[in-house]
Amino acid sequence: MGLPAVRVYAGIWGGRSGVFWLDDLRVEEVGLLNVLRRPGTPITVRGERPNAIHEEGRDFEPITDPKLNFHFDHDCPTIKLRPESRIRQGQTLRVSYYHGTSVTPRQVSLCMSEPGLDEIRRKQAELVQKHLAPRVWFLGMDEIRQGGSCAACKARKKSMAEILGDYITRQVQRIRELNPDAEVFIWSDMLDPHHNAHRDYYMVDGDLTGSWQYVPKDLRIACWNHKAREQSLAHFSRLGFRTLAAAYYDADTLKSTYGWLDSISRTPGALGIMYTTWRKKYDLLGSFGDLVAQGVVPLLPRDSAPRRLSKASEERSEAKEDSPSTNRQTAAEFRTWTDRGGRYKMEAEFAGAAGGAVNLRQRNGDVISIELEKLSAEDQQWIERRKK
Ligand SMILES: [Zn+2]
């Protein structure tokens, strides 16, 4: 990866008691371990003279790592010379190859430039369509810790942001070929500059900044960056994406859910909130549902008593009386909104629009998100003028 330095850590993290020691710590060359073999990861075997490149299948037997598992727990494959080999026994060789790196004990990143992947993805999508035929699809892509370093990625001469965006776009296309009306969701982090879409991200060789420019605008973004949720939701909303808050995350309380509810109530185009568990912890699902149904949010972090969303919004306006944005909000005009069929009317002020949805704030502070196309032509024109 052309990195100027490598840090080596040895130790134990999170240990509480007991004895721990390290014996015989060594850094050693392991040679051909976890050898990746695909068109984008060639292997080169050279003699000591720079131009003497040896040929696989002629000078040596094809190299494979039959125990390939992305861990450092097995013997390396060796280079076996063929009878007609030009390599002399005992000669020094310089071997260059790509090896896969596991990210967690059971995960390894794939290469988004590998052409064979499209075929695998297409087959998976076909199976999902055949057996489940879902209306909503969720691309389980997040925390992509590696990429951009192989020959296939380099040959494209694209940024990592483009490579990722292109890969996501192709997956959405694949799904839409099977179901043109499919609603497709994806995790937020790799498209979020406040989270993982930046340079120097883990072992990614290249810059992920701008990845959000290269994906379809009708992708739904499941935002899970709780700490920077305000910036994250605003980022996607401004770009015209519709968002979903991925809340809960196996916590012991629903504290973070309050925060999410509060933030999405002010996010144009927010679709809602999702109970997100990785450990199948469903104990709080009922309370979560009650909270969402009531629209309860806390007023202040230290305020233990939850209140109705409407009250919270009113008092929030009062609290920030002197901020310029609130003054603009106070000055916003209440008008009567009508649905396309002319049957329903509602008095509210405009509170933003994104991704084909409009947020309208009623006098009691409740914010309602409505599909733009469900509003009357006059209301739609009003919003259009407002945008300019
Ligand atoms: Zn690659």
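Predicted model: local features only at pLDDT ≥ 70, side-chain atom pairs only at ≥ 80, totals over all residues.

Trainee: Where does lysine 157 lie?

Mentor: Helices (H or I, at least four residues) and strands (E, at least two) are DSSP runs, numbered from the N terminus. Lysine 157 is in the loop between helix H2 (151-155) and helix H3 (160-178). Its backbone deserves a look too. Most residues other than glycine have a negative phi. Lysine 157 has a positive phi, near 50 degrees, and is not a glycine.

Trainee: Which strand holds tyrosine 248, and is tyrosine 248 buried or exposed?

Mentor: Tyrosine 248 is in strand E11 (residues 242-248). It counts as buried because 24 C-beta neighbours lie inside 10 Å. Tyrosine 248 also has a positive phi, about 85 degrees, although it is not a glycine. Glycine 240, which follows H4, has a positive phi as well, near 95 degrees.

Trainee: How many helices and strands does the protein have?

Mentor: There are 9 helices and 18 strands. The protein has 388 residues, of which 24% count as buried.

Trainee: Which residues touch the most other members of the largest nonpolar core?

Mentor: A nonpolar core is a set of buried Ala, Val, Leu, Ile, Met, Phe, Trp, Tyr and Cys residues joined through C-beta atoms within 7 Å. The largest one here has 44 residues, and Leu164, Leu208, Ile221, Ala222, Cys223 and Ala245 touch the most other members. Among the elements that each supply at least two residues of this core are H3, strand E8 (183-187), strand E10 (220-223) and strand E12 (270-276). H3 gives the largest share, 7 residues. There is also a second, separate core of 9 residues, including Ala351 and Leu360.

Trainee: What does leucine 208 touch?

Mentor: Two residues are in contact if their C-beta atoms, placed from the backbone, lie within 7 Å. Leaving out residues up to four places away in sequence, leucine 208 touches Met160, Ala161, Leu164, Met190, Asn196, Ala197, His198 and Tyr201.

Trainee: At what angle do the axes of H1 and H3 cross?

Mentor: Axes are lines fitted to C-alpha atoms, for helices over the stretch in contact, and angles run from 0 to 180 degrees between N-to-C directions. The axes of H1 and H3 come within 10 Å and cross at roughly 40 degrees. That makes H1 oblique to H3; angles under 35 degrees count as roughly parallel, over 145 as roughly antiparallel, 65 to 115 as roughly perpendicular and the rest as oblique.

Trainee: Which residues of H1 and H3 meet?

Mentor: On H1 they are Asp118, Arg121, Arg122, Ala125, Glu126 and Gln129, and on H3 they are Arg170, Gln171, Arg174, Ile175 and Leu178. By class, this contact has 3 nonpolar, 2 polar and 6 charged residues. Ala, Val, Leu, Ile, Met, Phe, Trp, Tyr, Cys and Pro count as nonpolar, Asp, Glu, Lys and Arg as charged, and the others, Gly among them, as polar.

Trainee: Which elements do the buried residues of H4 pack against?

Mentor: They pack against E10, E11, H5, E12 and strand E16 (345-354). The buried residues themselves are Arg229, Ser232, Leu233, His235, Phe236 and Ser237. H4 and H5 pack at an angle of about 35 degrees, with their axes 10 Å apart. Arg229, Glu230 and Leu233 of H4 make the contact with Gly259, Trp260, Ser263 and Ile264 of H5.

Conventions
Residues numbered from 1 in each chain as written. Buried ≥ 20, exposed ≤ 12 C-beta atoms within 10 Å, placed from the backbone.
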